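Open the structure in your viewer and keep the selection tool at hand. The stops below say what to pick and what is there.

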Amino acid sequence: MVEVAPALDITAVDVPQLEALVAQFYGAGTQEQRATAEKALKAYQDHPEAWSRVDTILEKAQTQQTKFFALQILESVIKFRWAALPMEQREGIKNYVSNLIIKYATSEQLFRAESVFMAKLNMVLVQILKQDWPDRWQSFLPDIVSASKTNETLCENSMAILKLLSEEVFDFSRGEMTQDKTRHLKQTLNAQFRMIHELCTFVLLNTRKESLVRATLTALHAYLSWVPVGYIFESNMVQLLLGLFPQAPFRNVSLQCLTEVACLTMDEGFDDRFQQFFKVFSQQLFQILPPGTNIEAAYASGTDEQQAFVQNLAIFFTSFLRAHLRAMEGTDENRSALLMGLDMLTSISYVDDVEVFKTCLDYWSLFVADVYSGANIPTTPGGGNQVPQPQAGTTLEEAARMQEQLTGPLSNGAGAFAFPPAPPPPGSAAAPADGAAAGAAPGRPLVNMQRRVLYGGVLQRLRALMVNRMAKPEEVIVVEDDNGNIVRETMKDNDVLAQYRTMRETLVMLSHLDYEDTELQMLEKLRLQMAGQWTWHGLNTLCWAIGSISGTMAEDQDNRGGFLVTVIRDLLNLCEVTRGKDNKAVIASNIMYVVGQYPKFLRAHWKFLKTVVNKLFEFMHETHPGVQDMACDTFLKISNKCKRKFVVQQLGESQPFISELLDQLPSTIQDLQPHQVHAFYEAVGLMVGAEGDERKRSEYLMRLMAPPNAIWAALMQQASALPDVLKQPDAIKSITHVLATNVSVCTSLGAPYLQQMQQIADSMLKLYSAYADFIAAEIAGGGPHAARSSGVKYMRGVKRSVLRLIEVFVDKCDGEAMEALLAGQYVPLLLDPLLGDYARSPPDVREAEVLGCFAAITHKLKSKMESHVVRVFESTFEPTLTMITGDFNSYPEHRLKFFALLHAITQHCFPCMLSMTGPQIKLIIDSIVNIEFVAKYTADLLSTSFPNMARPQVEACVAKMVSVQPEEGDPKSMPRDAAQQSQYSVFKQHLRDFLVLTKSFGDTAAGTYEEEDAAAAAAAAAQKQAIPGMVGPNELPDDGMADS
């Protein structure tokens, strides 16, 4: 029996009863008991006078959870009803909270014992500050600073309050406060930061209390990213932080503060300060982590604090180097510190922690792009760099001469940049400092070739890093699970795919900077794998890296293929000599991935191409999960890029490869699953389409389609004698398979598929009508619920497959002759089976694909479709509108495809619209542009979702949004003039203000900020296109070389 919780009396607070309810809610009772307690607590919390009982609850409550509940009540009234309270009540709450904080924070014992309660109490105070400070509480900062100097425990709590204030204003204000309020608070904090700075400095200089120092550093960390720079560099703040950094108790938090300093971007006048800052930091760091420390092993065996230190160290180095890399290149002393820092970051990159590696990788991608973009590497159309590579031991002076040969005198070199010369030492002439490297004057920027020499060792180690830690590409679906078993991947990991793209782009640029070193490192790792040291992970990362640099070789390298021949030959040999299903599956997946990335090489080496394809056919019989899928996918990619090679009789061959393939077709695909057969047929369809001789192409198509046509003919023959055979599950499965196979061939073959369509069109449409009758009979006998039965779903699947084939065929009907044939022969055949069935069918079994099919036909035939538009309207118009005008939720697919059909007709056959009746036209217009309905529907939805908002408030927000005049077209893709941009910005501002009013938490407004990033994304995409190999070979359109 579930105990019903009594309602709490708001007039006389029964704290024991309240605590019992809180205990019931947080306890280990049943779900019903917790729900009952939650209902009672919610009712109490929502009472308008509940906040006035908070002081009594806090005074008498014995548990932390009850006190926390009381503070939640108080926080809620401050956030949502503060402005509605009388001034004296607000002042009373403010004084009560302040005095309660002082009471707890001045007692060391009470402060430690009630730490969770104090954290919540501090947040309540900050919520008051967000409402009243500075206008109605001008003395807050002076008061808290002066009070903090009287008691160390109170000071420690004050630091926590100041930290929360900074975070609430600068980090979490979006969606919590209006823009004007946020701006006002930021300006006030900025103007009054002097008092906070003085307090932090006072504490760091005068206290020895560890917890207070840590609290001060934590608070300071929240401010350093935005305070005026004078408080950092015109005071002793940096020196204090550097002095605390070597001390173990403060190492991590001081490092976080130093990171905020490191990432500041200032004008060049501050370069010398950042240089000195980094050198001092490096000296102290190397006392903690001497050069040569195995950071990977130390991290694996370290404590949580030590691991956090490595994580923070990665963030420090990446932040500093992002902002000040160029400033550190000027002198030998600076370059020495810089290279030691880069080496340290490289070592950190090997740490077995995903987040640490992501931090490092993000920087390495920028670093390599910076070196590459200034390297003046001219490329051939086929890719590959043609710049003389600086050899080991090349000095900066020699590199400068090499640069001058490429770009002219250094002062005119492309990509040159300059820092102001370093000020000469007092009392000396303006001359280079001692220790400057030959050819690189102090303060003078290194030219591009010199930078490549300077970073040569770093770039070499980065190549090894990318090869050793390469992420898995999307094409690879054979993976190792958590239990160490090799399985087929069932779900894509978007984080891994994003990491792969970044690593691939980085390795492509590293390869352009020195292809020979990239090749040598990969071959050396392959040699070790072949020497008996191979592991799944080691082979995977190597092969993924090899595949990722496709396109970086010049034409002569790509065609010579010595590197690739070695790689693929060794992989094939490894596959032959290795035992074990899992081992073979791993090797097979790597072979398939690598060969799929180098179509140009395969086109240039027929025998190698034939060997690879025959190996893929072998893999198609391997039943290990994922291997057959990868084999079919790889075969499809290779066929797409090398299709012409398979229909030309090659030297030493007795017939074209496609003829040999078709002879062995049944045995090749006998072990494949249906979806794999479809991919295989699509690949062969590409080959057939590459045959220029119409007679041969017709023969190849007939041979290719012989197996599915035989199945089709047998089923049609059985159905003519006994129609009910079509209801059998096996028959439905076979028909669906044959139709999907035809879709695959039509997709890849194109217009020549007409020959096959002519052979099956009549029987296919009869089949469509037969299944329509079967479905109608099922619904007539079983009622509306029959539409959801498995039998009806399978039969509808056949109908959708037919419609899909028709739509693909229509798309491939290019040219006047094909369009005339489509309009004169095929469209009349489709009208009754498709449109008649659509009009007759109940709404739940109407196929939305019929609408899409006729939309495609209309787009293809344009005005040639006018004679059939009336029939299309008669069969689809009113039946569809009755489905979609009742509400905006039902039948979404029909809705989209209906408006696509309507758009096609109005675009290409508009005169036919004039024959419509007035009510029909009104119904169309109302279904599209009924603003009043949309506004009311939206207001109803938002009122239900945000009950804390009054209905007039919601209606006002909706009215503002719908009043904005929309621009035509896609707002993300269309060019905008100033007026259009203003309209879109107005709408987004209305939406943002609405989210503020709802007190929405989380990043619910992320989508409204995408417009500002569109231009940057487009520029980045264009930049990638300009680098050979940056876009994968299978993502590129055919370059005209496929038929060579």
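This tour of a predicted model goes from aromatic pairs to charges over rings, then to a cavity and a helix.

**Stop 1: Phe-233 and its partners**

Start with the aromatic rings. The model holds 40 aromatic pairs. Select Phe-233 and Phe-270. Their ring centres lie 5.7 Å apart, and the planes meet at 50 degrees, so this pair is tilted. Now colour by element of structure. Phe-233 belongs to helix H12 (residues 230-233). Phe-270 is in the loop between helix H14 (251-262) and helix H15 (271-288). The pair therefore ties together parts that are 37 residues apart in sequence.

Are these two side chains buried or exposed? Phe-233 has 14% relative accessibility, so it counts as buried. Phe-270, at 16%, counts as buried too.

Phe-274 is buried, as is Phe-233.

**Stop 2: an aromatic cluster**

Select Phe-245, Phe-277, Phe-278, Phe-281, Phe-309, Phe-316, Phe-317 and Phe-320. Together these residues form one aromatic cluster.

**Stop 3: lysines over rings**

Go to Lys-67 and Phe-117. Lys-67 lies over the face of Phe-117, 5.6 Å from the ring centre. Then select Lys-149 and Phe-202. The charged end of Lys-149 sits over the Phe-202 ring, at 5.3 Å from its centre.

**Stop 4: the largest cavity**

How many cavities of 30 Å³ or more does the model have? The count is four. The largest holds about 60 Å³ of space. To find it, select its lining: Met-757, Ala-761, Met-764, Leu-765, Ile-806, Phe-809, Val-810, Leu-822, Tyr-826 and Leu-830.

Which helices supply at least two residues each of this lining? They are helix H37 (754-782), helix H38 (790-812) and helix H39 (816-840). H37 gives the largest share, four residues. By type, the lining has ten nonpolar residues, no polar ones and no charged ones.

**Stop 5: helix H36 and its end**

Finish at helix H36, residues 729-749. H36 has 21 residues and spans 30 Å from first C-alpha to last, close to the 30 Å expected at 1.5 Å a residue. Step just past the end of H36 to Gly-750, where phi is positive, at about 85 degrees.

Methods
Residues are numbered from 1 along each chain as its sequence is written. This is a predicted model: local features need pLDDT of at least 70, side-chain atom pairs count only at pLDDT 80 or more; totals for chains, interfaces and linings use all residues. Side-chain values use heavy atoms; hydrogens and water are left out. The expected span of a helix is 1.5 Å times one less than its number of residues. Rings of Phe, Tyr and Trp (its six-membered ring) pair if their centres lie within 6.5 Å; planes under 30 degrees apart count as stacked, over 60 as edge-to-face and the rest as tilted. Buried means under 20% relative accessible area, exposed over 50%, partly exposed in between (1.4 Å probe, protein chains only). A charge sits over a ring if NZ of Lys or CZ of Arg is within 6 Å of the ring centre and within 35 degrees of the ring normal. On a 1 Å grid over the protein atoms alone, a cavity is a set of points where a 1.4 Å probe fits but cannot get out, and a pocket is an open set with protein on both sides within 12 Å along at least five of seven lines; lining residues have an atom within 4 Å of a point. Grid points are joined across faces, edges and corners, and a volume is the space filled by probe spheres set on the points. Ala, Val, Leu, Ile, Met, Phe, Trp, Tyr, Cys and Pro count as nonpolar, Asp, Glu, Lys and Arg as charged, and the others, Gly among them, as polar.
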